Amino acid sequence: MAITAQDVNRLRQETGAGMMDCKKALTEADGDFEKAKDILRKQGQKIASKRADNATSEGIVLTHVSPDGKTGRVIGLACETEPVSKVADFQNLAMAVMDNAVTAKPATKEELLALPQGDGRSLQEHITELIGKIGEKLDLIAYEVVTAEQVVAYNHSNGKLGVLVGLDNANGAEVTEVGKDIAMQIAAMKPVAIDKDGVDASIVEREIEIGKDQARAEGKPEAMLEKIAMGKLQKFYKDNTLLNQEFVKDSSLTIAQLLAKTSKGLTVSAFKRIAIG
């Protein structure tokens, strides 16, 4: 059957795909709109498979804190190029991902991607469909949840970095401002854990071995290597665990001291830092 411009435009309005892609799909489907939609979806799957190994160094990170301030969510939706990160379809998809997270409260990224949308298809299927429309890899690289007495969020100005901080024993109006300062500290200083007890054992072992290798290269006696390495490990904790880091706004204080100065018993119970690129 003849494919009219009106047919092509209708399919474009319904799917958001390009005019030429819509025309090809309708031609292949012999004018059947549902078959044409399936063809466009399969096109997205083909592109997704072809570009699966491509790097995604651009995108958007969004945060959301519940009205009661006790639950925060952060998502990172990545793409290959900066221009795509700026287009409305991509940004609308990121907001739809966050809306799904806030409404359905999934526990994991996998649960989030599996959520059914209004047409019965999953969120992942909608992402794949947009891959076909945009023509480059899109990837939900992260979805994290933080719960605490008070959750504070920070979004960096480039839109590619977001932080959630969970505070417990959070009494007093000044706690929110300190929470923002700590979130900015996490954004800038990239701590690996709240305190040394939270550092993964494999990281500790690696730092000890690095310390020994450095001391050995400096000609230190074998009997001294363990002691030297443990000293270097303490320096690692100071630089890379949140409570032991110097406060970037006042180097006379550690973050632990800042918390104690702000409110008695105030603690950081959790944090998440998501960055793209």
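Trainee: How do the residues of the lining of the largest pocket divide into nonpolar, polar and charged?
Mentor: Four are nonpolar, six polar and four charged. By that scheme Ala, Val, Leu, Ile, Met, Phe, Trp, Tyr, Cys and Pro are nonpolar, Asp, Glu, Lys and Arg are charged, and the others, Gly among them, are polar. Before we go on, this is a predicted model, where local features need pLDDT of at least 70, side-chain atom pairs count only at pLDDT 80 or more, and totals for chains, interfaces and linings use all residues. Residues are numbered from 1 along each chain as its sequence is written, and side-chain values use heavy atoms, with hydrogens and water left out.

Trainee: Got it. How much space lies in the largest pocket?
Mentor: About 260 Å³. Of its 14 lining residues, Thr-15, His-126, Glu-129, Leu-130 and Lys-133 are the closest to the centre. A pocket here is an open set of points on a 1 Å grid over the protein atoms alone, where a 1.4 Å probe fits, with protein on both sides within 12 Å along at least five of seven lines; lining residues have an atom within 4 Å of a point. Grid points are joined across faces, edges and corners, and the volume is the space filled by probe spheres set on the points.

Trainee: Which helix gives the largest share of that lining?
Mentor: That's α7, with five residues. At least two residues each come from α3 (33-50), α5 (88-104) and α7 (123-134). Helices are DSSP runs of H or I with at least four residues, strands are runs of E with at least two, and both are numbered from the N terminus.

Trainee: Let's stay with α3. What span should its 18 residues have?
Mentor: At 1.5 Å a residue they should span 26 Å, and the end C-alpha atoms are 26 Å apart, which agrees. The expected span is 1.5 Å times one less than the number of residues.

Trainee: And which residues of α3 are buried?
Mentor: Phe-33, Ala-36, Lys-37, Leu-40, Gly-44 and Ile-47. Buried means under 20% relative accessible area, exposed over 50%, and partly exposed in between, with a 1.4 Å probe and protein chains only. The arc is that of the directions from the helix axis to the C-beta atoms.

Trainee: What's on the other side of α3?
Mentor: Lys-35, Lys-42, Lys-46, Ser-49 and Lys-50 are exposed there. The buried residues of α3 pack against α1 (5-15), α2 (19-28) and α7, where contact means heavy atoms within 4.5 Å.

Trainee: OK, α2 then. Which of its residues are buried?
Mentor: Cys-22, Ala-25 and Leu-26. They cover an arc of only 95 degrees around the axis, which puts them on the same side of α2. Those buried residues pack against α1 and α3, while Met-20, Lys-24 and Glu-28 are exposed on the other side.

Trainee: New topic: where does Ile-75 lie?
Mentor: In strand β2 (residues 71-79). Ile-75 counts as buried, at 0% relative accessibility. Not counting residues up to four places away in sequence, Ile-75 touches a set of residues including Ile-60, Leu-62, Val-97, Leu-112 and Tyr-143.

Trainee: Last one: which residues are buried in α10?
Mentor: Leu-225, Ala-229, Leu-233, Phe-236 and Tyr-237. They cover an arc of only 110 degrees around the axis, which puts them on the same side of α10. What covers them includes α9 (201-217), and Ala-223 and Lys-227 are exposed on the other side.
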